[in-house]
Amino acid sequence: MNILIRNGRVVRPESISADDIWIAGEQIRAVEEKIDPHGDVRFDQVIDAEGMYVLPGIIDAHTHYLLHSRGTVTADGFYSGSVAGAIGGVTTAIDFANQEGEKSLLEAAQARIDASQREMVIDFGLHQCIFSMQGDMDQQLQELKAEGITAVKIFTTYKPEGYFIGEKGLKELFRSCGRLGMMITAHCEDDPLMEEIARKYEEELHPPRLHPVLRPAEAEYRAVRMLGELSRETETPLYIVHLSSGRGLEAVDELRAQGVRLAVETTPHYLMLTNELLTGPEARKYIMTPPLREAKDNEALWQGLVQDKIQLVATDHCAFTPEQKLQSDDCRTVLPGIPGTGELLPLIYTAGVASGRFDIGRMVSLLSETPARLFGMYPRKGRLQAGSDADLVLFDPGRSWTIRNDTCRSAAGYTPYDGFQAAGMPVLTMLRGRIIAREGEFFGSRGGGQFVQAGPSELFQD
Ligand code: URP
Ligand code: ZN
Ligand code: ZN
């Protein structure tokens, strides 16, 4: 099957070019100035992209589909979550496998890959969560690496859930990952500080507005610093997930000044929403960890993106229905997490590009090329060039629309961005040469996504 995409504006981080794209089977064969639709190649389909940007498929580098946690499971399984992403221009998601009891890490990861493979409509990668050091870790990590899982995830908090990994385990893990060239990704909130604060509020009610008090930006700062020290000591690069605050970014600056090699991710909600939402009637729908911060934190994070202190934006999509969120009115036990994968591209285009904060090339870097490079998928993913997978999005910058609960395709059934005026719309999503979404309708297939084996992160390269 040969497909030609004509007349679009092809976006790469460094350029926008008026090129046509020839897709042969699942891959891009050529990106050239003018490809004749009636020349030597017989095209089965010609798509006119006049007026559109042609973007590489978006990589949502942080999703939680079918997350079993806190006695329940997220509203989005692999299918509904990835359909929501596909309609919004996401062609690859990176999700997580939990460490599970006596299973080896490889067994846990393989089970997760098999389950994803049956349901995902977009391609996917996987990070392995590590909650404790058990068995021969070097051996287990090596097995993971050979399977194409080259990053692990750790948490400096969530003790009751069993996710917290203590300092001794952390040090061993950093050493192992450093030796093996695997990346550590980390949820950064300092548990000792949060426990100290929690004791002061023990006797009081815990409404949503208390959440940021219990989990302050200072906790993020301390955890980033602590992990950064370990990273420096063990010479193992570190990736910080969902950075939420200006204070957290200060820690990043300080560590970089000491030569620590770090990559940083933030999310649309830490860029665009504030903790004022935690005082409103719908407050519980906006609870996630770390909590929403203040307008000055939003701005510090935007500046971080502009100045390349933050390298990528992903969603931390972790969808629960309002019914699930409303089961508790105690902010400590409201199920943490919000949906967002379907809105990632229009949100960052509108608030980042259309608002003039950065250009569309920078957006492509943040949402596609950099995640591919950092997570060992480049150049198969993340770039429109000959030889890469034909994953792309036609994005219409002239189409303004309102994000609404009923435009959100996540099984959450609501979006935290309800009412947001978007300045452009993803109108077609292609995954490896197949159109999987067009004009808000899904055309892909259950199980049509493939596991992408990751190579080493570019964070390890000098
Ligand atoms: O509240 C959140 N972020 N839920 C998802 C799990 C995590 O911490 O990333
Ligand atoms: Zn997290
Ligand atoms: Zn997460």
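## Ligand shell, backbone exceptions and buried contacts

Tyr221 counts as buried, because its relative accessibility is 13% and the cut-off for buried is under 20%. The model is predicted. Tyr221 belongs to helix 7, which covers residues 217-234. Its C-alpha lies 8.4 Å from the C-alpha of Ser245, a residue 24 positions away in sequence.

### The ligand and its shell

Which residues surround ligand 1? The shell consists of His62, His64, Phe155, Tyr158, His187, His242, Met288, Thr289, Asp316, Cys318, Pro336 and Gly337. By class, five of these residues are nonpolar, six are polar and one is charged. The space that ligand 1 takes is the largest cavity.

| Ligand 1 atom | Polar backbone atom of | Distance |
|---|---|---|
| oxygen | Thr289 | 2.9 Å |
| nitrogen | Pro336 | 3.3 Å |
| oxygen | Gly337 | 3.4 Å |

Taken alone, ligand 1 exposes 260 Å², and the protein buries 96% of that.

### Cis peptide bonds

Most peptide bonds are trans. Two cis bonds deserve a look here. One joins Thr289 and Pro290, with omega about -10°. Thr289 also belongs to the ligand shell, and a polar backbone atom of Thr289 is 2.9 Å from an oxygen atom of ligand 1. Pro290 sits in the loop that runs between helix 9 (268-272) and helix 10 (295-306).

The other cis bond leads from Tyr378 to Pro379, and its omega is near 5°. Pro379 is placed in the loop between helix 13 (360-374) and strand 18 (392-396). Arg383 is found in the loop between helix 13 and strand 18 as well.

### Positive phi

Most residues other than glycine have a negative phi. Where does Glu235 lie? Glu235 is in the loop between helix 7 and strand 15 (238-240). Its phi is positive, near 55°. Is Glu235 buried or exposed? Glu235 is exposed, because its relative accessible area is 69% and exposed means over 50%.

Glu439 also has a positive phi, near 50°. Its loop connects strand 22 (434-438) with strand 23 (441-442). Glu439 is partly exposed, because its relative accessible area of 48% falls between the 20% and 50% limits.

### Helix 12

Why is helix 12 described as largely enclosed by the rest of the structure? Helix 12 spans residues 344-354, and ten of its eleven residues are buried, so the rest of the structure largely encloses it. The buried residues are Leu344, Leu345, Pro346, Leu347, Ile348, Tyr349, Thr350, Ala351, Gly352 and Val353. In an α-helix, residues three or four places apart point the same way, because there are 3.6 residues a turn.

### Buried polar side chains

Arg383 counts as buried, because its relative accessible area is 13%, under the 20% limit. What does its side chain contact? The side chain of Arg383 makes a polar contact of 2.5 Å with the side chain of Glu14. A polar contact of 3.2 Å joins the side chain of Arg383 to that of Gln385.

Glu14 returns in another pairing. Arg362 and Glu14 are 348 residues apart in sequence, yet their C-alpha atoms are 8.0 Å apart in space. Arg362 lies in helix 13. With a relative accessible area of 16%, Arg362 is buried.

Ser457 is placed in the segment after strand 23. How far is its side chain from the backbone oxygen of Leu374? The side chain of Ser457 reaches that oxygen at 2.7 Å. Ser457 counts as buried, because its relative accessibility is 3%, again under 20%.

Definitions and conventions. Residues are numbered from 1 along each chain as its sequence is written. Chains are lettered from A and ligands numbered from 1 in the order in which they are written. This is a predicted model: local features need pLDDT of at least 70, side-chain atom pairs count only at pLDDT 80 or more; totals for chains, interfaces and linings use all residues. Side-chain values use heavy atoms; hydrogens and water are left out. A residue is near a molecule or strand if one of its heavy atoms lies within 4 Å of it. A polar contact is a pair of N or O atoms within 3.5 Å; within protein, one must be able to donate a hydrogen and the other to accept it, and residues adjacent in sequence count only if both atoms are side-chain atoms. Accessible areas come from the Shrake-Rupley method with a 1.4 Å probe; for residues, only the protein chains shown count as cover. On a 1 Å grid over the protein atoms alone, a cavity is a set of points where a 1.4 Å probe fits but cannot get out, and a pocket is an open set with protein on both sides within 12 Å along at least five of seven lines; lining residues have an atom within 4 Å of a point. A molecule sits in a cavity or pocket if more than half of its atoms lie within 2 Å of its grid points. Ala, Val, Leu, Ile, Met, Phe, Trp, Tyr, Cys and Pro count as nonpolar, Asp, Glu, Lys and Arg as charged, and the others, Gly among them, as polar. Helices (H or I, at least four residues) and strands (E, at least two) are DSSP runs, numbered from the N terminus. Buried means under 20% relative accessible area, exposed over 50%, partly exposed in between (1.4 Å probe, protein chains only).
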